[in-house]
Amino acid sequence: MKHGLKITFPDGKDHHFLLSAKSISIGRGKENGIVIPCNRVSTKHCELRRKAPNGTSFEIIDLGSTNGTILNDEAVESEHARELRDGDTLMIGLDLKASFYSLEEVGVSKVVEKPSISEVAGAVTVRLKEIQKPRPEPAINPVAAAVARAENGAVKTS
């Protein structure tokens, strides 16, 4: 199973990342797999790690960041990795929201541009690109859809 991370930047733009490396660092420094150009994010802020070499799950650990990492409203400590599950929400620093999700492959689509691979040696985190239309309707993960509706205030409670 493949996993992705959606990060919402302070300007409101969403960026999606396919998580395919064994370890992916997130931070302001250019040496990170995911670079966040934001002053409220530490140079090496946090890290996503695959739990086993061929594992299908990830964990997150804070790397001693100044403004912290939050997983589902609970602080992630630098000594204790926390397992990530489909639909988990993260706060990276003070104002970067992120969502962890699982991906299901439903077919092969033609990519408009060749995906760019991070310049970091050994990194295989690829930023997803727009897919050329027409494209098949994507399979909807009900948990991820419910989380997205909840984040947008679309869920009505009785």
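Which residues does serine 102 touch, not counting residues up to four places away in sequence? I looked this up and found Met1, Lys2, His3, Asp86 and Asn141, a contact being heavy atoms within 4.5 Å.

I note that the model is predicted, that local features need pLDDT of at least 70 and side-chain atom pairs pLDDT 80 or more, while totals for chains, interfaces and linings use all residues. Residues are numbered from 1 along each chain as its sequence is written, and side-chain values use heavy atoms, with hydrogens and water left out.

I placed serine 102 in strand S11 (residues 96-103), where strands (E, at least two residues) are DSSP runs numbered from the N terminus. Serine 102 counts as buried because its relative accessible area is 17%, the cut-offs being under 20% for buried, over 50% for exposed and partly exposed in between, with a 1.4 Å probe and protein chains only.

I then searched for aromatic pairs, taking rings of Phe, Tyr and Trp (its six-membered ring) with centres within 6.5 Å, and calling planes under 30 degrees apart stacked, over 60 edge-to-face and the rest tilted. The count came to one pair: phenylalanine 58 and phenylalanine 100, edge-to-face, at 6.1 Å centre to centre and 65 degrees between the planes. This pair links distant parts of the chain, since phenylalanine 58 lies in strand S6 (residues 58-62) and phenylalanine 100 in strand S11, 42 residues apart. Phenylalanine 58 is buried at 0% relative accessibility, and phenylalanine 100 is buried at 1%.

Last, I looked at glycine 12, in the loop between strand S1 (2-8) and strand S2 (14-19), and found it partly exposed at 48% relative accessible area.

How values were computed
Helices (H or I, at least four residues) and strands (E, at least two) are DSSP runs, numbered from the N terminus.
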